[in-house]
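Work through the exercises below with the model open. Each task is followed by a stepwise solution.

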Amino acid sequence: MKLAIQGGPPVRASFLSYGQQWIEEDDIEAVVETLKSPYLTQGPKIYEFETRVAEYVGANYAVAFSNGTAALHAACFAAGIEEGDEVITTPLTFVASANCVLYRGAKPVFADIDAATYNIDPKGIEKLITPKTKAIIPVDFTGQPVDLDAIRKIAEKHQLVVIEDAAHALGATYKGRKVGTFSDMTMFSFHPVKHITTGEGGIIVTDSEDYAKKLRLFRTHGIIKDNISEDQGPWYYEMVSLGFNYRLTDMQASLGLSQLQKLDDFITQRMKWAERYNGAFKAMPELVTPFQLAETDSSWHLYVIRLNLHLLKVSRKEIFEALHAENIGVQVHYIPVYYQPYYKKLGYEKGLCPIAEETYDAILSLPLFPKMTLEDVESVIEGVKKVVSFYKK
Ligand SMILES: *Cc1c(COP(=O)(O)O)cnc(C)c1O
């Protein structure tokens with residue numbers, strides 16, 4: 001059949017994006033309730049949201065932030081990362097995972113990924129550790145947890161802090177336990193494409209009271225009101241470190257609370273669509289479907305296929321464009337962070353992480369979100385089969 005990019009009819013009439021939120025009437029009502037309450041920000045909803053998220057993952061503390069990037073920034077502060085320090089992370093991630101290190105004046109060091117899971121390869125981490133290394137920021141890419149036991153072992157041996165970027169992995173499990181209790185601090189994001197949304201928003205969960213205190217301090221300008229000399233008046237506060245205004249609002253927290261009740265259903269739906277994709281594509285040699293590590297349950301933020309380019313006549317770019325013409329909104333996650341011009345200026349060069357670079361050239365994220373219908377999923381399958389069979393050698 002003629003491809004849409006050559007003027008043929010597309011497999012579907014409307015454009016399907018790769019990810020999107022699911023907001024219902026009860027979510028809207030929850031926000032409206034807060035709008036009618038005395039507190040739009042710094043009220044009771046934030047605390048309630050933090051408590052619920054901590055309970056959900058099984059952590060002692062949760063501190064909410066205006067977005068996931070701010071949360072990572074705060075975690076780097078709490079971990080004591082400073083100028084001159086090095087922090088090891090993966091290149092196959094959103095820029096925020098490494099930028100948070102730069103915000104502290106420290107240096108991100110990129111360790112290559114595992115060719116099967118696309119997650120940071122623990123074997124590569126140890127070689128990069130120097131006396132300056134302070135922390136590791138592993139990313140649970142697509143929602144599949146990294147090898148958390150292996151990372152933990154390396155961190156303990158070298159006394160490093162683990163800040164897990166679990167923006168993709170809310171609700172994922174590793175060896176039967178939810179992501180959020182394995183690392184010193186774990187970040188989740190509530191951007192609309194993630195599992196649940198607050199518009200913008202993020203959170204750090206931790207079992208450490210000390211980290212929780214530092215995170216709260218950083219969120220509110222570095223200002224404290226407790227433990228101040230009794231001679232001072234009740235208005236008095238002290239700014240003891242350079243913090244930011246990184247607060248989430250109560251309006252957002254109330255949306256988060258409403259969304260949180262639906263999280264398990266959202267994940268179940270994502271799994272169901274992922275399994276449907278797996279079944280449809282497993283007999284196609286031109287594609288590699290996502291590898292699933294034993295003892296982990298992905299929360300399926302992304303469904304990433306890898307093209308076997310040696311079996312195709314064109315590159316990923318042509319496949320991407322042909323699928324968009326079919327109204328299938330595929331995406332690429334991610335451009336290796338150090339390819340960015342800003343990182344190049346800092347001296348990072350191509351060739352640093354060959355597996356990540358090779359992977360980047362061949363991957364595509366298919367649409368995956370709970371609000372997709374069976375017809376949407378079938379149209380993606382039809383579009384992928386149509387385009388790939390047209391371009392196969
Ligand atoms: C979304 C995301 C972030 C940042 O989250 P925001 O809430 O958008 O700031 C960080 N890391 C990864 C891997 C992400 O996908």
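The model is predicted: local features need pLDDT of at least 70, side-chain atom pairs count only at pLDDT 80 or more, and totals for chains, interfaces and linings use all residues. Residues are numbered from 1 along each chain as its sequence is written, and side-chain values use heavy atoms, with hydrogens and water left out.

**Exercise 1.** Describe the largest pocket and its lining.

Step 1. Take the definition. On a 1 Å grid over the protein atoms alone, a pocket is an open set of points where a 1.4 Å probe fits, with protein on both sides within 12 Å along at least five of seven lines; lining residues have an atom within 4 Å of a point.

Step 2. Read the volume, the space filled by probe spheres set on the points. It is about 780 Å³.

Step 3. Find the lining. It has 18 residues, and Arg 216, Leu 217, Thr 220, Ile 223 and Asp 226 lie nearest the pocket centre.

Step 4. Assign elements, taken as DSSP runs (helices H or I, at least four residues; strands E, at least two). Helix H2 (44–57), helix H7 (209–219) and strand S10 (223–224) each give at least two lining residues. H7 has the largest share, 4 residues.

Step 5. Sort by class, with Asp, Glu, Lys and Arg as charged and Gly among the polar. The lining has 7 nonpolar, 4 polar and 7 charged residues.

**Exercise 2.** Which pocket holds the ligand?

Step 1. Apply the criterion: more than half of the molecule's atoms lie within 2 Å of the grid points. The ligand takes the space of the second largest pocket.

Step 2. Describe that pocket. Its volume is about 340 Å³. Its lining counts 23 residues, with Phe 94, Ala 167, Ser 189, His 191 and Lys 194 nearest the centre.

Step 3. Sort this lining. The classes are 9 nonpolar, 11 polar and 3 charged. H3 gives the largest share, 3 residues.

**Exercise 3.** Which residues are closest to the ligand?

Step 1. Collect residues with a heavy atom within 4 Å. There are 16, and the closest are Gly 68, Thr 69, Asp 165, Ser 189 and Lys 194.

Step 2. List polar contacts (N or O pairs within 3.5 Å). Among them:
- A polar backbone atom of Gly 68 is 2.8 Å from a ligand oxygen.
- A polar side-chain atom of Asp 165 is 2.7 Å from a ligand nitrogen.
- A side-chain N or O atom of Ser 189 is 2.8 Å from a ligand oxygen.

Step 3. Sort the shell. It has 6 nonpolar, 8 polar and 2 charged residues.

Technical notes: Polar contact = N/O pair within 3.5 Å; in protein donor to acceptor, adjacent residues only side chain to side chain.
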